[in-house]
Amino acid sequence: MTNYIHRNYQTDADLYAMQAMTAESIQQVGICGHLHIGDIPHRIFNDLRREDPKELVWLWHDLENHLAGYVIVCPAHKGFDLHIHPVHRAGTLESEMIAYAVAQTRQKMAESKIEGDIGTDVDECDDVRMKRLEEAGFVRGKQLYWFTERNLGVPILKSTLQEGFFIRSAEGVHEAQKLIDVHSSGFGSSWTLAQYERVMTSPGYDAERELVVVAPDGQFAAFCIIWLDENNKIGYFEPVGVHKDFHRRGLGSALMNHAMRIMIDKDMETATVLHEVDNPASTGLYASLGFKQMYRIFEYTLDSKVSG
């Protein structure tokens, strides 16, 4: 890696640089093969909520100090995300970054006493990434997700809430416990109050973009967070959840329609969301809202015993 230098994530400025480079990449070659810019703070401050990002995120710069790529390792998920700017894909940098990501993932998993194979997700259109991973010993596994999108120029159907329910933005850290309750019920996840307060005060998060359906008793019945790529005019849902006590009331549909109207007001042209292939409820919800399946996302795994 003589033409590049890499270092640990350090400050909020690094997050903004990662987002800017990713948006530029999408502008040049399209979103397939890239994270939405909202995925970056979500991975760093949500997925790594129990960790220190400075120990799990690395940035690569060329000799002119332009950001060339980054790696985000998540030991709890036994894997990593890797992004590289399109102009740097022709050389050996991507393979070297994969080797580094594997070594760091293996080390961090061992430190946390986590066992299992190492994995990373790959969009099916990203032939270069698939080739580089296979050269490194990775094997293509099952499809995990569909990437879906909706043209926001197509009219959004009107949806109504049951009497007493309404939609608004989250108001701040004083609502963290109520947000934890609906997140945990929707996904079976585990949060401490300190962890969610940390997310709500992290760079990239904006309480105005965390939307909730409020039940008549004040409980949060559903939620979603929307992210906006203003350069490419792409809105993104990550995540979307409904409290288990409020299923089958049309809350998810009403909330997402409301959110897409906000995206339109913010000049977005496309809305995107991923869904798991084995989740028929999500599949049906997004299809009913006009989202089209665009491409598949596969898991690539490396046997934990393979040296690298």
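Here "buried" means a relative accessible area under 20%. With that in hand, these are my notes on the model, which is predicted.

1. Let me start with α3, which has 19 residues. From its first C-alpha to its last it reaches 27 Å, close to the 27 Å expected at 1.5 Å a residue. The buried residues in α3 are L93, E94, M97, I98, A101, V102, Q104, T105, K108 and M109. As you look at that list, recall that an α-helix has 3.6 residues a turn, so residues three or four places apart point the same way. Just after α3 comes K113, with a positive phi of about 55°.

2. **Aromatic pairs that reach α3.** The structure holds 9 aromatic pairs. In one of them, the rings of W58 and Y100 have centres 5.6 Å apart and planes at 80°, so this pair is edge-to-face. W58 lies in strand β2 (residues 57-62) and Y100 in helix α3 (residues 93-111), so the pair ties together parts that are 42 residues apart in sequence. W58 counts as buried because its relative accessibility is 3%. Y100 also pairs with W60: the ring centres are 5.5 Å apart and the planes stand at 90°, so that pair is edge-to-face too. Here again the pair links distant parts of the chain, with W60 in strand β2 and Y100 in helix α3, 40 residues apart. W60 is buried, since its relative accessibility is 0%. Through these ring pairs, W58, W60 and Y100 form a cluster.

3. **Charges over rings.** Two arginines deserve a look in the viewer. R49 lies over the face of W191, at 3.8 Å from the ring centre. In the case of R140, the charged end sits over the ring of F298, 3.7 Å from its centre.

4. **The nonpolar cores.** Which residues have the most contacts inside the largest nonpolar core? They are M18, I44 and F138, in a core of 39 residues. Strand β3 (residues 67-74) gives the most to this core, with 7 residues. A second, separate core has 27 residues, A215, V242, F246 and L289 among them. Going back to I44, its contacts beyond four places in sequence are Y9, L15, M18, P53, V57 and I72.

5. S25 belongs to helix α1 (residues 12-29). Is S25 buried or exposed? With a relative accessible area of 0%, S25 is buried, because the cut-off is under 20%. A polar atom of the S25 side chain lies 2.9 Å from the backbone oxygen of M21. Setting aside residues up to four places away in sequence, S25 touches G30, H34, H83, H85 and P86.

6. **A proline in a strand.** P239 is found in strand β10 (residues 234-242). Its relative accessibility is 10%, so P239 counts as buried. Beyond its neighbours within four places in sequence, P239 is in contact with H42, H183, F187, F223, C224 and I225. W227 is 12 residues from P239 along the chain, and the two C-alpha atoms are separated by 9.9 Å.

7. **A buried loop residue.** Where does M268 sit? Its place is in the loop between α7 (251-265) and β11 (270-276). M268 counts as buried because its relative accessibility is 5%. Not counting residues up to four places away in sequence, M268 touches L152, L228, D229, E230, K233, I234, G235 and M263. Between M268 and V213, 55 residues apart along the chain, the C-alpha separation is 22 Å.

8. Finally, please check R168, which lies in strand β7 (residues 166-169). The side chains of R168 and E175 are joined by a polar contact of 2.6 Å. Leaving aside neighbours within four places in sequence, the residues in contact with R168 are E175, E210, L211, V212, V214 and F220.

Conventions. Residues are numbered from 1 along each chain as its sequence is written. This is a predicted model: local features need pLDDT of at least 70, side-chain atom pairs count only at pLDDT 80 or more; totals for chains, interfaces and linings use all residues. Side-chain values use heavy atoms; hydrogens and water are left out. Helices (H or I, at least four residues) and strands (E, at least two) are DSSP runs, numbered from the N terminus. Buried means under 20% relative accessible area, exposed over 50%, partly exposed in between (1.4 Å probe, protein chains only). A polar contact is a pair of N or O atoms within 3.5 Å; within protein, one must be able to donate a hydrogen and the other to accept it, and residues adjacent in sequence count only if both atoms are side-chain atoms. Contact means heavy atoms within 4.5 Å. A nonpolar core is a set of buried Ala, Val, Leu, Ile, Met, Phe, Trp, Tyr and Cys residues joined through side-chain atoms within 4.5 Å. Rings of Phe, Tyr and Trp (its six-membered ring) pair if their centres lie within 6.5 Å; planes under 30 degrees apart count as stacked, over 60 as edge-to-face and the rest as tilted. A charge sits over a ring if NZ of Lys or CZ of Arg is within 6 Å of the ring centre and within 35 degrees of the ring normal. The expected span of a helix is 1.5 Å times one less than its number of residues.
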